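My entries follow in the order in which I made them.

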Amino acid sequence: MDYVAWARRVNARWIVHQGLDRNATAYLEHLEQTDPDRLRCSCFHAHRLVHERPAQEDPKPWFYAGLFSLADASEKQKFLADHWFVATAINNAEMPDSVASAPETVSAATWEKITRIREALARIRSA
């Protein structure tokens, strides 16, 4: 399966907030130019997370967490600055500063989903 083509198709058809689709497209293009192996691996992670998520859950958070799972610090800053959920889900950091000033705005269910995505990423990374 061509995971890169799959990820491009999925990203192009979904409606997401705050330009996440545009940032994901830019990230895919960036990886295509700088690190094709990491591009393929990132797209594989996205595919795997989408297909391993609980069936009743929206696949978008899982897809984007998988897609950006191998982003380095500068890529996170460039492509995920406005996307705290994905940025938080792909690393084991606590709540980012942008949200830390108002932790009551993040529900327990959201933190639980972040935890499950982190656990799934850890399984993929260790495989």
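I used the cut-offs of under 20% for buried, over 50% for exposed and in between for partly exposed, with a 1.4 Å probe and protein chains only. I note that this is a predicted model, in which local features need pLDDT of at least 70, side-chain atom pairs count only at pLDDT 80 or more, and totals for chains, interfaces and linings use all residues. Residues are numbered from 1 along each chain as its sequence is written, and side-chain values use heavy atoms, with hydrogens and water left out.

I then looked for the partner of glutamate 112 and found a salt bridge with arginine 116, the closest N and O atoms being 2.5 Å apart. For a salt bridge I required a side-chain nitrogen of Lys or Arg within 4 Å of a carboxyl oxygen of Asp or Glu. The two residues are 4 residues apart in helix H8, so about one helical turn separates them. Helices here are DSSP runs of H or I with at least four residues, strands are runs of E with at least two, and both are numbered from the N terminus. I also found that a network of salt bridges links Glu57, Glu112, Lys113 and Arg116.

**Other salt bridges**

How many salt bridges does the rule give? The count comes to 8. One that I looked up joins the side chains of glutamate 32 and arginine 8, at 3.5 Å from N to O. Glutamate 32 belongs to helix H2 (residues 20-34) and arginine 8 to helix H1 (residues 3-13), so this pair ties together parts that are 24 residues apart in sequence. Glutamate 32 is partly exposed at 40% relative accessibility, and arginine 8 is partly exposed at 28%.

I next checked glutamate 52, which forms a salt bridge with arginine 48; the closest N and O atoms are 2.6 Å apart. These two are 4 residues apart in helix H3, and about one helical turn separates them. Glutamate 52 counts as partly exposed at 39%, as does arginine 48 at 25%.

**Helix H8**

The 19 residues of H8 (residues 108-126) should span 27 Å, and the end C-alpha atoms are 27 Å apart, which agrees.

Which residues of H8 are buried? They are Lys113, Ile114, Ile117, Arg118, Ala120, Leu121 and Ile124. Their arc around the axis is only 165°, which puts them on the same side of H8. I took the arc from the directions that run from the helix axis to the C-beta atoms. On the face turned away from the buried side I found the exposed residues Ala108 and Ser126. The cover over the buried residues of H8 includes helix H3 (36-52), helix H4 (60-67) and helix H6 (84-89). Contact means heavy atoms within 4.5 Å.

**Helix H3**

I listed its buried residues as Arg38, Leu39, Ser42, Cys43, His45, Ala46, His47, Leu49 and Val50. Among the elements that cover them are H1, H2, H4, H5 and H8.

**Aromatic rings**

My search of the whole structure gave 8 aromatic pairs. In one of them, tryptophan 84 and phenylalanine 85 have ring centres 6.0 Å apart and planes at 70°, so the pair is edge-to-face. Rings of Phe, Tyr and Trp (its six-membered ring) pair if their centres lie within 6.5 Å; planes under 30 degrees apart count as stacked, over 60 as edge-to-face and the rest as tilted. Tryptophan 84 is partly exposed at 27%, whereas phenylalanine 85 is buried at 18%. Trp6, Trp14, Phe63 and Tyr64 make up one aromatic cluster.

**Two loop residues**

Serine 69 sits in the loop between H4 and helix H5 (73-79). Is serine 69 buried or exposed? At 5% relative accessibility it counts as buried. Its side chain reaches the backbone oxygen of glycine 66 at 2.8 Å. With neighbours within four places in sequence left aside, I found serine 69 in contact with His45, Ile90, Leu121 and Arg125.

Glutamine 18 is in the loop between H1 and H2 and counts as exposed at 60%. Not counting residues up to four places away in sequence, glutamine 18 touches Asp82 and His83. The C-alpha atoms of glutamine 18 and histidine 83 are separated by 7.7 Å, although the residues are 65 apart along the chain.

Note on methods:
The expected span of a helix is 1.5 Å times one less than its number of residues. A polar contact is a pair of N or O atoms within 3.5 Å; within protein, one must be able to donate a hydrogen and the other to accept it, and residues adjacent in sequence count only if both atoms are side-chain atoms.
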